[in-house]
Amino acid sequence: LAANQAPFDLLNYTVDGHLSQGFMLLMSAAYGAYSTNYYLFNLWVTAWALINISIFRRLATHLANREQSPLETTLLAALFALHPTVFANSLGANFDFGVVTFSMAALLSLLQNKRSLAIAFALLLTFTKETSFAILPILFAFSALRQPAGLRRAWVRTNLPVLILPAIAV
């Protein structure tokens, strides 16, 4: 096992070769607490799915136009929750589910100008799966374009650590 090699290197703790430390940190905390009780661990995975749906609903609310009713936002969240790709991934610990969760949380944090939280979610995203290297710049660009034109450059300069710190960490 590469993780047993000396000297210690966090990058040796991967699953199937994926940079998975961010997602596995949260999954292993639940596994450590519930040990071998598969049913209790699945409760954690279900809670993770509910958190994911909650983040999506908050993101949909944040991006909604003024005429969108709360019912429309709730129905949109239900469509997300019941979509086969989301529903199937919520039935077990899966890296792709972590990518969805952390990317939506990073995007919501960027849109709400919560830079420290965005950095934390960007780091977790980066250390979940390699696709984050393509996803994170798109989230950043989308968030930048949502800023008023006159404030966009200042926003980019202020929030650049969200892109740079995960790249340095890897």
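Start by selecting W44, W48 and F102: these three form one aromatic cluster. You are looking at a predicted model.

Now zoom out to the whole chain. Colour by secondary structure and you will find 9 helices and 0 strands. Of the 170 residues, 35% are buried. Among contacts with a separation of 6 or more, 63% join residues 24 or more positions apart.

Next, select residues 38-63, helix α2. This helix has 26 residues and spans 37 Å from first C-alpha to last, close to the 38 Å expected. Show its buried side chains, among them F41, V45, W48, N52, F56 and L59. An α-helix has 3.6 residues a turn, so residues three or four places apart point the same way. W48, from the opening cluster, is one of the buried residues of α2.

Stay with the aromatics. The whole structure holds 4 aromatic pairs. Select F56 and F80: their ring centres are 4.2 Å apart and their planes lie at 5°, so this pair is stacked. F56 sits in α2 and F80 in α3 (residues 70-82), so the pair ties together parts 24 residues apart in sequence.

Last stop: F140 and W155. Their ring centres are 5.2 Å apart with planes at 40°, so the pair is tilted. F140 belongs to helix α7 (residues 132-145) and W155 to helix α8 (residues 152-159), so parts 15 residues apart in sequence are tied together. F140 is buried at 6% relative accessible area; W155 is buried at 6%.

Terms used:
Residues numbered from 1 in each chain as written. Predicted model: local features only at pLDDT ≥ 70, side-chain atom pairs only at ≥ 80, totals over all residues. Heavy atoms only, no water. Helix = DSSP H or I, 4+ residues; strand = E, 2+ residues; numbered from the N terminus. Buried < 20%, exposed > 50% of the residue type's maximum accessible area, 1.4 Å probe, protein only. Contact = heavy atoms within 4.5 Å. Expected span 1.5 Å × (residues − 1). Phe/Tyr/Trp six-rings, centres within 6.5 Å; stacked < 30°, edge-to-face > 60°.
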